[in-house]
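Let's take a walk through this structure together. Have a look at the fold, and then read on.

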Amino acid sequence: SPNDESLVHSVVGVLCDITASRRLQQQIDAINSAGSELMKIEASAITDMDAPQRLKLLEDKIVGYVKDLLHFDNFEIRLLDRESNELRLVISRGLNPLKIGEVLHADKEGNGICGYVAASGQSYLCRDVSRDPRYRQGLDDAASSLTVPLKLHDRAIGVFNVESNQPDAFDENDLRFAEIFARYVATAMNILNLLVVERFTTNEEISANFLDELREPLNELTETADRLESKISSDDGLRKELESIVAAARRARQRAEQASLGPRTILAAERELHREDPDPQMMGKRVLIADDESNIRDKLAEILRQRGCDAVTCSDGKETIDTIESAVQTGRPFDLIISDINMPQRNGYEVFRAAKAVSPDTPIILMTGFGYDPHHSIMRASQEGLHCFLFKPLRASQLISEVTKAFEGNTVNSNEAGE
């Protein structure tokens, strides 16, 4: 009845569109799920992989997720080298590399947007690169970019940089997604590096312990033989036998000491140097050997010269690149280039790029210690025509084998000396 106040006379409804927020949450959930997969890097699963294969495994996952989930086509990941403060390229898709000798530092000024983000730890959304003085070209005809820090425990360890040919291609949601994904990338990269460094240092410790254990019995053997030799000086035959024992013990000690040097030695080098005749296949071949460890480069040069090669040595990356370019300009290019990865001035990848630029057909061998490749040079060079890579401590026989293959024009993927 009209006088019954308990009756409902009208209803008010509110309709909310939650589709956008639901999609946003679904995207975040998908990125979190992908990030969890990135961090599943177990030592047992990568024991049989070499350094480039480990990084390639992680790279394939990252590239797939960036393209499928974030829908970014042109991007790069750079890690910060704490000693030099340089942002080292690790993974890149679609962006042009820096020029040889050009570097990016984690600095707010003069090092592009990447340098600013790494130094400040703050994300950077550039809607129009033509109006931003911080922007340094990475993508041809770039119009906009998005750069976020790779953070580990609130500390920037690198950057994730994305670029597009379209102006204003990225929004706040893209920024948020990239920041979430970047945290997982930082953690995964850190886990991978820790595993490699652990293996690197463990091998050095094992070598040192081996030498300590072997030193005492070898000294006892030598001293005992010396005492016996002094007592039986009248017996020439027996004295010679004892002298052989002493000489063998000293050789064993010398080889053990060389092995304990780890990446700073060439195993079984003396055996190769005892060859009397040069190798006809190596006679007159010009070989450039680059390594900042004088023991390594001098021993390699000695071995190859004994085989008949014309070996030239360099002690840093810049000297190496200058020597390669000068040799081409004078009409005497090298037949083979052997370069360490970790060198002052320029790293092994820069040497590789410079050599390929002026002498594309020259085979190149890169070396690194115990599979430790902090600049990820091996993987990038392997994708661009690297003849092979060698892990120190390498065996002289393995070096000769790879040099022979290089002169024959064969190519291989890897050779894990010392593994």
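Helices (H or I, at least four residues) and strands (E, at least two) are DSSP runs, numbered from the N terminus. The model is predicted, and local features need pLDDT of at least 70, side-chain atom pairs count only at pLDDT 80 or more, while totals for chains, interfaces and linings use all residues. Residues are numbered from 1 along each chain as its sequence is written, and side-chain values use heavy atoms, with hydrogens and water left out.

Let's begin at helix 8. Just after this helix, Gly331 takes a positive phi of about 80 degrees.

Which residues of helix 8 are buried? With buried meaning under 20% relative accessible area (1.4 Å probe, protein chains only), they are Gly317, Thr320, Ile321, Ile324 and Ala327. Seen down the axis of helix 8, the buried residues fall within an arc of 130 degrees (taken from the directions from the helix axis to the C-beta atoms), so they line one face of the helix. Their cover includes strand 7 (286-290), strand 8 (310-314), strand 9 (336-340) and helix 9 (348-358).

Now for the interior. A nonpolar core is a set of buried Ala, Val, Leu, Ile, Met, Phe, Trp, Tyr and Cys residues joined through side-chain atoms within 4.5 Å. The largest has 33 residues, of which Ile62, Phe72, Leu150, Phe160, Phe181 and Met189 touch the most other members. Helix 4 gives the largest share of this core, 11 residues. A second, separate core of 23 residues includes Met282, Cys309, Ile365 and Ala396.

Methods: Buried means under 20% relative accessible area, exposed over 50%, partly exposed in between (1.4 Å probe, protein chains only). Contact means heavy atoms within 4.5 Å.
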